[in-house]
Amino acid sequence: MRDLVQELVSHYADLRRQLTRDLRDPHHAADIAQSSFEREYTHTLGLRDGAAIESPRALLFRVARNLCIDEARHRKVAQEWAVSHAVVGTHLTAPSSEYVVAQHRVLRRVVETMEQLPPRRREVFLLFRAYGHSRAEIAQRLGITEMAVAKHLLRATIDCSRVFAELRHELIEPQAVNSHAGFDTALAEDFS
C-alpha cells in the first residue's frame, strides 16, 4: 500500500501540469488533481488483498479525465437550465414604456444617421452590415476597389459609433442617475 501511495504522489505533479494545460486554470487543475488522488486512494483501500492496480498513473489520469467530463456535463446542464428559465422569464414581462420609448428614439436616430450618410457610403455599409456581403462582393457589385469599400465601411462605422455614443450619454447615463435618486428616496422613506 505504501508503494502505491508513493507512486501516486510521484505522478501527482505530472497530473497537475497536464490539467493546468487542459483547463487553463491552475486552481481548478489543483482541485481536480486532488479529487482524483483521493478517489484513486479510496478505491485502492477497498481492493482485496491480492488485487493490484496494473498502472496507477494511467488510473490517476483516467479518474481526472472522468471528473473533468462529469463537471463539463454538469456545467452544460446548469447553463441550459439557466438559459431556458431566462428565456421564459423574459417572455412573462412586458418591457416598460420608458424602454419602448428609448428603443424608438434609438431606431429613429439610426435611420436619421443612415439617411445623412453619403449615398455610396450608405450603400456599402448596408450591403456589408445588413445583407452580409463580403468586401470583395461589394467591390465587384459597385465597381470599386476593396480598399474603397474598406474606407467607406470605416467612415460609416465612425459616424454610427458617434451617434451611439451620444445616445448612450442621453439615454443610459441619465437613467442611471435617476435610478440612484429613486433608490435613495425609497431608502430615506424606509428609515423615516
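User: How is a pair of aromatic rings described, and how many aromatic pairs does the structure hold?

Analyst: A pair of aromatic rings is described by the distance of the centres and the angle of the planes. Rings of Phe, Tyr and Trp (its six-membered ring) pair if their centres lie within 6.5 Å; planes under 30 degrees apart count as stacked, over 60 as edge-to-face and the rest as tilted. This structure holds one such pair. Tyr12 and Phe37 are edge-to-face, with 6.0 Å centre to centre and 80 degrees between the planes. The pair links distant parts of the chain, 25 residues apart: Tyr12 lies in helix 1 (residues 2-23) and Phe37 in helix 2 (residues 26-45). Helices (H or I, at least four residues) are DSSP runs, numbered from the N terminus.

The model is predicted: local features need pLDDT of at least 70, side-chain atom pairs count only at pLDDT 80 or more, and totals for chains, interfaces and linings use all residues. Residues are numbered from 1 along each chain as its sequence is written, and side-chain values use heavy atoms, with hydrogens and water left out.

User: Are Tyr12 and Phe37 buried or exposed?

Analyst: Buried means under 20% relative accessible area, exposed over 50%, partly exposed in between (1.4 Å probe, protein chains only). Both Tyr12 and Phe37 are buried.

User: Why does Arg121 count as buried, and which side chain does its own side chain contact?

Analyst: Arg121 counts as buried because its relative accessibility is 17%. A polar contact is a pair of N or O atoms within 3.5 Å; within protein, one must be able to donate a hydrogen and the other to accept it, and residues adjacent in sequence count only if both atoms are side-chain atoms. The side chain of Arg121 makes one with the side chain of Asp159, at 2.9 Å. Arg121 is placed in helix 5 (residues 119-130).

Methods. Helices (H or I, at least four residues) and strands (E, at least two) are DSSP runs, numbered from the N terminus.
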